[in-house]
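Please keep the sequence and the structure in view while reading.

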Amino acid sequence: MIHDHILSLMIFTPMVGFVLILAAPSKRPTLIKTIALCATIPPLVWAARIYFQFDRGTSNFQWVEKVPWIDAFNIQYHLGIDGISIPMVLLTALISFICVIASWNIDKYVRGYFSLFLLLDTSMMGVFCALDFFLFFVFWELMLLPMYFLIGVWGGPNKEYAAIKFFLFTLVGSVLMLVVMLIFYFGSMDPQTGGHTFDLTLLANQGTHQSFLQDNVLRWSCYLALLIGFAVKIPVVPLHTWLPDAHVEAPTAISVILAGILLKMGTYGLLRISYPLLPDMTLAFAPFVAVLGLISIVYGALCAMAQKDLKKLIAYSSISHMGFVVLGMSVFTNTMAINGAVLQMFNHGTVTAMLFLLVGVVYDRAHHRDIDRLGGLAQNMPIYAAFSGLAFFAALGLPGLSSFISEALVLIGSFPKYKVITIAATTGIVLTAGYFLWTMQRVFLGSLDERNTGLPEINPREIFTLTPLALLVVFLGFYPMPVLKLIGATLEHTVALVLKNGAGF
Amino acid sequence: MNPETMNNIIFLIPLIPLIGAAVNGLSGRRVSNRVVHVIGCGSVLLSFLISVLGFFTLLSIAVPSRRVLIQSVYTWLSAQWTGGGFMVEAAFRLDPLSVVLCLVVTGVGFLIHLYSVGYMAGDRSQARYFAYLNLFTFSMLVLVLADNPLLMFVGWEGVGLCSYLLIGFWFTDVEKARAGMKAFIVNRVGDLGFFVGLMFLVWALFEPGNPEPIGLSFDSLAAGMPRLLDAEPIWGIGIATWIALLFFIGATGKSAQIPLYVWLPDAMAGPTPVSAFIHAATMVTAGVYMVVRLNFLYLASPVAMTVVAVVGALTALYAAVIAVAQNDIKRVLAYSTISQLGYMFLAAGVGAFATGIFHLTTHAFFKALLFLGAGSVIHAVHHNDMNRMGGLKSYLPVTYLTFLVAYLAICGLAPLAGFVSKDEILFSVFTAHLPVPGLAFMLGVLGLAGAGLTAFYMTRLLLLTFFGSFRGEPDQKQHLHESPRVMTGPLIVLAGLTVLGGVLGLPAVTHLPHFLSNFLNPVLERSGAGVHQSGAVALEVGVMIISTGVALVGILIGWYLYSKKPTAVETLANRFTFAHRLLANKFYVDEAYQALIVKPVMKLAALSGLFDLKGIDGIVHFTSRTTTKLSFLIGWEDNKVVDGAVNSLAETFKKLGDAAQRLQTGRVQHYLYAMVLGIFVLFIFRLLI
């Protein structure tokens, strides 16, 4: 049955588009764009199918595909999704589709752009579906390459700097991950074959590597290495400085992908790899991780307040909002916090995608993002202002919109464990309200600057990209259960497993 | 109506205004203003009718303690874990307390919607205006009807949002936009208190080993109070006190009490009907409602109760003092609102919850009337400055007469609604048993002093606005006109309510039942301080006489200074320059907050931004430079030592750079194609074999 391979189909359909685009004549940009669009629609349909058919009652992996890939090293092509990955898979399918439409006005090297874009799509989907450490790593690295070029070629004035910075930061993380991966590979023993294994589902069983990986120093070194690798991606302060630069330089759609999906790979990696493989260290490092989350929340918000570039401001707001995910992931006495964290991964994906799309709209018209040179835009762009208002209020956690639910769950869940840290984190909420409203006022309210009177209203294509996200933001604020039901069983299991296996040491 | 049927339609009360908001908000300027008005006013009227239905349904339930209807619409959020869970319902609770608030919100709200039709005539964005106003009504009704504090918080911040949107409704004026922002942010500080209180509450209610999920319904919170009281104190302060005080911080934000009142006077930048609706009759009373709703929590903490009472009394007096020196008619009314809200907290703080709600209701009538009257005046003269008004009573007769009714009510003269409820508060305070001896008496005296000042500044306002001769531009005189009927109609209805509102809570001396107190009693646990329970009729009459006397003194002084001998004001202001400047500048509290909180935070933000750029990125750049230099050094050394045998790293870098340059000319596809194809072939190869 074709639907036994639904995950492979979702991963490699963009790849088919990639091949077709490379075969297409570069003189026909519309054809290329259409191919790209067509390559992102089937995954969206399959995502809907997955959403409806996903068994919410179990924490087992579903739609599992397992084929030997490189026998010599016992590497498998092993896919499957559970409650942690499914929101990310759905988000990736949606955001990729939206981003192709948002990229419609790209006119430089169209073929290169869209082929790289689809390659990126494949790698992202692959990361969220892979259950083999090696396969995960391949997809993880594969993502780096198109991202580097997409920023470095199609970016803004300072694109080379931003692209190299992004590349080097991520590479450091990758190298650390590679080392840990090899340590686990050589330290493991597949109970069936007796050989080493990269299989994450097997490695989660402490018995497969316990005898080898007994040394405490080795264990915490491994955890720290993974943590750094993933923290770069999230990003956690102080490993975050690549993010504002990358965002400022990246074209709109790439910023959307970057903030909407790539950042989540960091927290996803922690949940998928660090937690099951090193549960004892997960517990030991939890307070440290909580502090990192707090620092990101408050410091990110303060930095956002200081920005004059609208896109940079939103980049820093991402750091702050991802801090809630990190904080929520450090609590194991209940599952409120971790449910909130994973929900926040999804919600931040939709909200921040909206924000970056909106920045793109004003940049396309005014050709700058300088907050002080905008102002009064609500007068000639009322619909644009309304969308921005929704996105801003969602981002500042207004109850009734999606982010509130996730941030509230994180805070309520973290409080019993980390009282002072959680209370300190709530100050981030006031700061966030402060800088978003201040930005709202400086960009949209007040009198209209005569330089901006000619800016045309948001166009139907842009409205089309924003509408599904806006609907999700409102709907999940009133009724977040559709996502919570998807993730609940898996997270209950994850937390229980960390507690059980972690206590064994 | 059958209680069961009513139980299933509670959600319609908030939903209908939400639909109205959505329709008006999304239609933009595509539909005529007439349609916008019908949707805007009609939706609130429908809600009002359902609320009336709910009220009579509750009355029809014979056993007062059974007068609770709870509709759980759906499970809002939940999380399960081994040995526990957290589950919050989107549930609405219609009980005597919430139905009274619903009636006030939708009833007064409908009148103000109607008034807005006239007031906003000619504005370009009426659809937006009515959408915001309906959205506010929705949020306020969610706040009132919510059956748990988390859902209440949705309404709580939702009203804040609408307040923000409506204060800055004329957003092209940057000052108005800024006032909206200030309101939201100051409220957010308070909301933080609310939310941290909620965090404490969930934590305190969590029982390890109890697999029942924690719900947050008010009934379950009340049932969990013993656990809260048994819990270990933190820093010597009991958990119940912590939670009650944290929630009270939220109340000081929303209900503009010391120290978070500063946003309300600025909020007067919004259209005047908005000030009447949101910033006088409904939203600002949310804090009082919340304290009364959580009465079981406050009763568990005498310390918190005392704090509530003291803050209320101090605010009542303090705001009245500032109101004396303001020249903007709406600002005087704003400080008056702050002061009156203080009275409500004072009542709640001494345990007279029903009295607090009583004053909330009567205040909604007369303060909405005062604001709408002021709006009618502003509609005629097009500014807010009382120095340029005067003698308007002959030009605006209906406005003047209705305003006079509200004036007499707020001054506290019998038998108007304001008199009855304010006296009940003062009586409750004088008879209260507070943990600190003598405190009750002091608070009562503060309240009396505030009442005297209220009579004084309201007399000043009345005389400056309606009496004397017109002090505006002479050519403006011909344009002075009474407002259209759609505006005066609501004024007349509200005036009627202000006259008759007192019958809701007749004093004991009349030997008639106190309807509101009896009706609310089932919601209020062991609230003993009601008037009728104590039955000290003589004392009650005494308080009435004293407070009436104080009010008359205030009125007389006001009349003397602003009508009889106007020069005396200037003499006084000149003699007490310092005091006058202090009052006119509102004790410089705004300036102090700016210097002590806003500026330092902005400074910290700027420093953080700089640190990010110079500090963290500085390290990053230093590392990269050092690495590059090191590689050059090694490369150079390599060249020298191993004679031309190995390529220097630097050259490798250069070549890499060249390669990258080539890649950037568009041939990148080829490289990628090759690489991906390789992986692909390998992959398919493996799949097949």
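## Basis of the report

The structure is a predicted model.

## A pair of packed helices

In chain B, helix α17 (residues 353-381) packs against helix α21 (residues 485-500) at an angle of about 150 degrees, and their axes are 9 Å apart. Angles over 145 degrees count as roughly antiparallel, and α17(B) and α21(B) are therefore roughly antiparallel to each other. The crossing of α17(B) and α21(B) is left-handed.

On the side of α17(B), the contact involves F365(B), F366(B), A368(B), L369(B), L372(B), G373(B), S376(B) and H379(B). These meet M487(B), L491(B), L494(B), A495(B), L497(B) and T498(B) in α21(B). The residues of this contact comprise 10 nonpolar, four polar and no charged.

## An enclosed helix

Helix α10 of chain B (residues 239-254) has 16 residues. From its first C-alpha to its last, α10(B) reaches 23 Å, close to the 22 Å expected at 1.5 Å a residue.

Because 13 of its 16 residues are buried, α10(B) is largely enclosed by the rest of the structure.

## The loop after the helix

S255(B) lies in the loop between α10 and α11 (263-266) of chain B. The relative accessible area of S255(B) is 0%, so S255(B) is buried. Leaving aside residues up to four places away in sequence, S255(B) touches V284(B), T285(B), A286(B), G287(B), V288(B), L341(B) and F345(B).

A256(B), which follows α10(B), has a positive phi, near 50 degrees.

Technical notes: Residues are numbered from 1 along each chain as its sequence is written. Chains are lettered from A and ligands numbered from 1 in the order in which they are written. This is a predicted model: local features need pLDDT of at least 70, side-chain atom pairs count only at pLDDT 80 or more; totals for chains, interfaces and linings use all residues. Side-chain values use heavy atoms; hydrogens and water are left out. Axes are lines fitted to C-alpha atoms, for helices over the stretch in contact, and angles run from 0 to 180 degrees between N-to-C directions. Helices (H or I, at least four residues) and strands (E, at least two) are DSSP runs, numbered from the N terminus. Angles under 35 degrees count as roughly parallel, over 145 as roughly antiparallel, 65 to 115 as roughly perpendicular and the rest as oblique. A crossing is left-handed if the near helix is turned anticlockwise from the far one by less than a right angle, and right-handed if clockwise. Contact means heavy atoms within 4.5 Å. Ala, Val, Leu, Ile, Met, Phe, Trp, Tyr, Cys and Pro count as nonpolar, Asp, Glu, Lys and Arg as charged, and the others, Gly among them, as polar. The expected span of a helix is 1.5 Å times one less than its number of residues. Buried means under 20% relative accessible area, exposed over 50%, partly exposed in between (1.4 Å probe, protein chains only).
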